[in-house]
Amino acid sequence: MAVTSGRLAQLISKQPVNSLFTNQNSPFRCAPLAASLALAVSAHLPAAPNYDDHILPIFEQSCTNCHNPDKQKGDLDLTTYSAAMRGGSGGKIADPGEGGDSKLYGVVTHTLKPKMPPKGDKLAKKDADLIRAWVDGGLLENKSGKPKKKKKPAFALQAAPGTGKPEKISMPQHLLLEPVVISSRGSAVADMASSPWAPLLAVTGQRQVLLYNTDTLQLSGVLPFDAGQPETLSFHPSGKYLLAGGGIGGKSGTTITWDIESGKEILRAGKDFDSVLAASLRADLGGVSLGGPGKRVKLWDTSADEQLTSIKKHTDWVTQLAYSHDGVLLASGGRGGGVHVWEADTGNPFYELRGHKASITGVAWRSDSNLLATASEDGAVLVWHMNTGKQVKKITAHSGGVLSLDWTSNGHLVTSGRDKKVKVWKPDFNLLKELPVFSNMVTEVASVSY
């Protein structure tokens, strides 16, 4: 079933509990090369573009008449590497790794202003491509130089937030309201996530994420996801940031994190060779986890912008990932039924939680990070205590299988299942409420804060 703002409002208005949901129909190892062969191959690889051998000749042909020590138009001198790296009155010419998004590439291809050269044709494509490759390769000075590291995320790492309510509640401010994609028919909602503190619900769409104000039932913003289709959503414990993972099936995957108030993309982290199906942002903002059909849990260091580790433990697709709210642990669940808990900053094993007999459909931490709830197609919700790693409760929740679960801020659990029911469980895990049976399976639930 397609989810629209009107349908969402209808669903919300009918529910007596603080939960939202969406309905939809359920649908070589390579032998190492000999050292001599490796050396022979490397000898024939083209050298990475560098300033001295490749970029300076382009500048001398097209740029240095105006950008030299004597003229320095725009306070920019391109005749030496150090001067070029200083930039001019308009700032740096490029940051390492940004390639086609760099200012230098934009002005020489005439996609950004001021166009360079201002009165001539744009650079030949082969020269522009070489400049782009130079920037992507780390702005090498010469063939023996070392590439510069990519710029760090546009936020400072911070201590893990406490479980208390923050002083300022983050809500969208003047975000884009026009959809990125408008299709002739509806599509399935892959995931939903609710802010832990604000009346805000995030819903996956087609190449975009939609933000709804659950007080007014109005669309509050649209976040473009240009990496493909978003498959998974999660809020940072502070509610200030939203992470989405996704990509193009069988080809590529990554995660994008936005500042909820401005809608600005602050972090693009992680790389996979298939779409990302599960992802989470660590509380201190220093790490992102991602997983998918590759059966691996990948931890990405956001400070260094590089992969920290790739964990091969799951026997099937990784379908669920969630950092604890204090940022100490990471829980992962897979289509093979396995649940694992890892040290969040190293990826070292912490617990292997055995109990489920079918695919894992949900992992969720209570706000104090002491309890972890896991849901499965086997119909059960299991609750685990992190001091001991022991199972403390088994809830036979839904016949046919549990499809989703979420903790509320006051310690209740909300679940949905293949029996087309939504249930709310007390903090002692006894049933509090069961909603009337729906016509279709409820594949996602999310608690809403007020």
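The structure is a predicted model, in which local features need a pLDDT of at least 70 and side-chain atom pairs count only at pLDDT 80 or more, while totals for chains, interfaces and linings use all residues. Residues are numbered from 1 along each chain as its sequence is written, and side-chain values use heavy atoms, with hydrogens and water left out. The secondary structure of the chain comes to 6 helices and 26 strands, where helices (H or I, at least four residues) and strands (E, at least two) are DSSP runs numbered from the N terminus.

**Burial and surface**

- Of the 450 residues in the chain, 50% are buried, a term that stands for under 20% relative accessible area, with exposed meaning over 50% and partly exposed in between (1.4 Å probe, protein chains only).
- The accessible surface of the chain comes to about 21,900 Å², and 51% of this surface belongs to carbon and sulfur atoms; the areas come from the Shrake-Rupley method with a 1.4 Å probe, and for residues only the protein chains shown count as cover.

**Sheet β18 to β21**

- An open sheet is formed by 4 strands in the order β18-β19-β20-β21, with antiparallel pairing; two strands pair if DSSP finds at least two bridges between them.
- The edges are taken by β18 (360–365) and β21 (390–396), each of which has a single partner strand, so one side of each is left without a neighbour in the sheet.
- On average, and with direction ignored, neighbouring strands of this sheet are turned by 20 degrees against each other, the axes being lines fitted to C-alpha atoms (for helices over the stretch in contact) and the angles running from 0 to 180 degrees between N-to-C directions.
- Strand β18 pairs with β19 (residues 371–376) in the antiparallel sense over 5 bridges, and the bridge partner of G362 in β19 is A375.

**Sheet β22 to β25**

- Another 4 strands, in the order β22-β23-β24-β25, form an open sheet with antiparallel pairing.
- Here β22 (402–407) and β25 stand at the edges with a single partner strand each, so one side of each has no neighbour in the sheet.
- Strand β23 (residues 413–417) runs antiparallel to β24 and is joined to it by 4 bridges, with V414 having V424 as its bridge partner in β24.
- Strands β24 (residues 422–425) and β25 (residues 431–434) also run antiparallel, joined by 3 bridges, and W425 has L431 as its bridge partner in β25.
- The hairpin of β24 and β25 has 5 residues between the strands, and in this hairpin F429 takes a positive phi near 75 degrees.

**Nonpolar cores**

- The largest nonpolar core has 21 residues, and those with the most contacts inside it are Y51, F59, I93, I131 and W134; such a core is a set of buried Ala, Val, Leu, Ile, Met, Phe, Trp, Tyr and Cys residues joined through side-chain atoms within 4.5 Å.
- Two or more residues of this core come from each of α3 (51–62), α4 (81–86), α5 (103–108) and α6 (125–136), and α3 gives the most, with 5 residues.
- A second, separate core of 18 residues includes M171, L200, A202 and A227.

**Cysteines**

- The count of disulfides comes to 0, a disulfide being a pair of cysteine sulfur atoms within 2.5 Å.
- The sulfur of C63 has its closest cysteine sulfur in C66, at 8.8 Å, which is too far for a bond.
- C63 is buried, with a relative accessible area of 12%, whereas C66 is partly exposed, with a relative accessible area of 24%.
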